[in-house]
Amino acid sequence: MGPPLQPNQCGSRLGAPPSLPAECGGVACKPGLRVGMAVAAAIACRLLRLRAAGAGGHWRRLRGAGLPRGFLQPASAGEDAAQWRRVAHFTFQPDPEPLEYGQTQKMNLFQAVTSALDNSLAKDPTAVIFGEDVAFGGVFRCTVGLRDKYGKDRVFNTPLCEQGIVGFGIGIAVTGATAIAEIQFADYIFPAFDQIVNEAAKYRYRSGDLFNCGSLTIRAPWGCVGHGAVYHSQSPEAFFAHCPGIKVVVPRSPFQAKGLLLSCIEDKNPCIFFEPKILYRAAVEQVPVEPYNIPLSQAEVIQEGSDVTLVAWGTQVHVIREVASMAQEKLGVSCEVIDLRTIIPWDVDTVCKSVIKTGRLLVSHEAPLTGGFASEISSTVQQLEDTGDVEEIRGWKPHCISAGRMFPEPRGSYIKSMWVRHTISPRF
């Protein structure tokens with residue numbers, strides 16, 4: 001939990017395993033889900049060319065110096081997109097079993113979410129869960145069994161009205177109760193945008209701290225899944241990162257999901273908790289049965305490194321972990337991997353300390369290029385004196401889909417003699 005926020009604070013189309021054991025929920029995923037953006041291959045290619053640009057086998061800092069024509073561009077403009085898709089995948093990497101929280105149980109991500117909600121309802125008699133179809137278990141089964149256990153007055157359905165769901169949650173939270181709202185897909189959170197940014201986020205500020213709705217948590221399935229198309233694949237975290245007064249969190253695994261969700265529910269600020277839907281069943285690991293908390297606004301250094309810092313959140317963490325392994329094995333490049341976890345307020349210190357050490361930063365996320373949160377991270381890092389190259393790897397820019405714009409020219413930015421490159425992943 002953190003102190004109340006003040007107003008002045010604060011890609012990819014990836015695949016899932018073709019089948020899962022019974023403890024994962026017994027739901028098999030289609031092999032077709034394994035298609036997606038060639039993020040791992042693209043990043044490895046960029047690291048290779050960065051190394052090739054170095055002198056004497058060592059990376060050099062690009063202080064004000066331009067790069068060769070075609071640098072970080074695809075080998076062939078007419079390269080078959082299907083070939084990119086064939087090499088795109090990710091493998092979920094479970095964390096070591098946590099022993100400090102008592103008994104553990106094998107859970108996938110949606111079961112970890114259910115466990116967190118169960119713990120909250122048991123601990124807090126004022127806590128209520130509501131949203132579209134949650135009484136029946138929800139589309140992704142995250143609330144299955146909770147209505148039977150706690151009653152229809154604490155777990156109940158709402159009309160198909162996202163603005164009403166969030167507005168209702170604000171009202172409940174203002175009375176002092178704990179409101180846990182579910183938006184069925186993050187793509188449909190936009191009808192509730194006004195309620196979130198103009199009401200929930202500003203309630204404490206505009207009342208002079210006389211009233212607040214800090215006990216409101218909004219859950220929403222997030223990100224690409226492989227077959228979600230336009231309205232079930234979006235990653236809208238950057239929209240809310242511009243709004244002071246709320247917290248935005250994205251977990252990478254079942255263990256992280258339970259601990260972070262419990263922290264969101266107990267935090268004294270409105271929180272938006274985005275759940276990577278592709279990991280609901282694809283991610284399986286040992287999760288403590290009893291409640292525990294993972295602090296918000298604290299990034300985690302998953303892997304130590306010395307040559308380049310890789311930052312991601314949610315599903316993309318597993319992509320860059322694979323990239324780090326490929327870079328070490330094939331290029332001898334030591335990568336430091338950071339899971340940001342909380343988008344806003346984000347952990348500036350952890351990221352900047354890492355970039356000061358490595359001299360280079362690569363940020364990867366599923367969301368589109370323009371206005372993505374990687375821009376906020378890179379612009380903050382550019383203010384440091386001791387950083388080197390900053391590059392951003394992000395999802396396809398949806399309004400520039402012609403072949404000529406697939407790999408646009410870089411927007412040169414020489415801030416404090418540092419070369420900055422903005423690029424995007426191959427289209428999906």
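The dialogue below reads selected features of a predicted model.

Me: How many helices and strands does the protein chain have, and what share of its residues is buried?

Reply: Helices (H or I, at least four residues) and strands (E, at least two) are DSSP runs, numbered from the N terminus. The protein chain has 13 helices and 16 strands. A residue is buried under 20% relative accessible area, exposed over 50% and partly exposed in between, with a 1.4 Å probe and protein chains only. Of the 428 residues in the protein chain, 57% are buried. The chain exposes about 17400 Å² (Shrake-Rupley method, 1.4 Å probe; for residues, only the protein chains shown count as cover). Carbon and sulfur atoms supply 54% of that area.

Me: Which residues touch the most other members of the largest nonpolar core?

Reply: A nonpolar core is a set of buried Ala, Val, Leu, Ile, Met, Phe, Trp, Tyr and Cys residues joined through side-chain atoms within 4.5 Å. The largest one here has 49 residues, and Ile196, Phe240, Phe274, Trp313, Leu340 and Ile377 touch the most other members. Helix 5 gives the largest share of this core, 5 residues. Another core, of 40 residues, lies apart from it and includes Ala127, Ile180, Val287 and Leu296.

Me: Which residues does isoleucine 196 touch?

Reply: Contact means heavy atoms within 4.5 Å. Not counting residues up to four places away in sequence, isoleucine 196 touches Val166, Ile189, Ala201, Ile218, Phe240, Ile246 and Ile272.

Me: Where is isoleucine 172, and is it buried or exposed?

Reply: Isoleucine 172 is in helix 5 and is buried, with a relative accessible area of 14%. Leaving aside neighbours within four places in sequence, its contacts are Val128, Phe130, Ala177 and Ala179. Its C-alpha atom is separated by 9.6 Å from that of alanine 127, 45 residues apart along the chain.

Me: How many residues of helix 13 are buried, and which are they?

Reply: Helix 13 (residues 373-382) is mostly covered, with 7 of its 10 residues buried. These are Phe373, Ala374, Ile377, Ser378, Thr380, Val381 and Gln382.

Me: How many aromatic pairs does the structure hold?

Reply: Rings of Phe, Tyr and Trp (its six-membered ring) pair if their centres lie within 6.5 Å; planes under 30 degrees apart count as stacked, over 60 as edge-to-face and the rest as tilted. The structure holds 15 aromatic pairs. One of them joins phenylalanine 156 and phenylalanine 168 edge-to-face, at 6.1 Å centre to centre and 80 degrees between the planes. Phenylalanine 156 lies in strand 3 (residues 155-157) and phenylalanine 168 in helix 5 (residues 162-174), so the pair ties together parts that are 12 residues apart in sequence. Phenylalanine 168 is partly exposed, at 38% relative accessible area. Elsewhere, ring pairs link Phe140, Phe185, Tyr188, Tyr231 and Tyr280 into a cluster.

Me: Over which ring does the charged end of arginine 206 sit?

Reply: A charge sits over a ring if NZ of Lys or CZ of Arg is within 6 Å of the ring centre and within 35 degrees of the ring normal. The charged end of arginine 206 sits over the ring of tyrosine 203, 5.5 Å from its centre.

Me: Which residues have a positive phi, and where is a cis peptide bond found?

Reply: Most residues other than glycine have a negative phi, and most peptide bonds are trans. Arginine 141 has a positive phi of about 70 degrees and lies in the loop between strand 2 (128-131) and helix 4 (146-150). Arginine 141 is in contact with Phe110, Thr114, Phe136 and Arg281, leaving aside neighbours within four places in sequence. Serine 297 has a positive phi near 60 degrees, and its place is the loop between strand 8 (284-288) and strand 9 (300-303). A cis peptide bond joins isoleucine 344 and proline 345, with omega about -5 degrees. Proline 345 lies in the loop between strand 12 (342-344) and helix 12 (348-358).

Methods:
Residues numbered from 1 in each chain as written. Heavy atoms only, no water.
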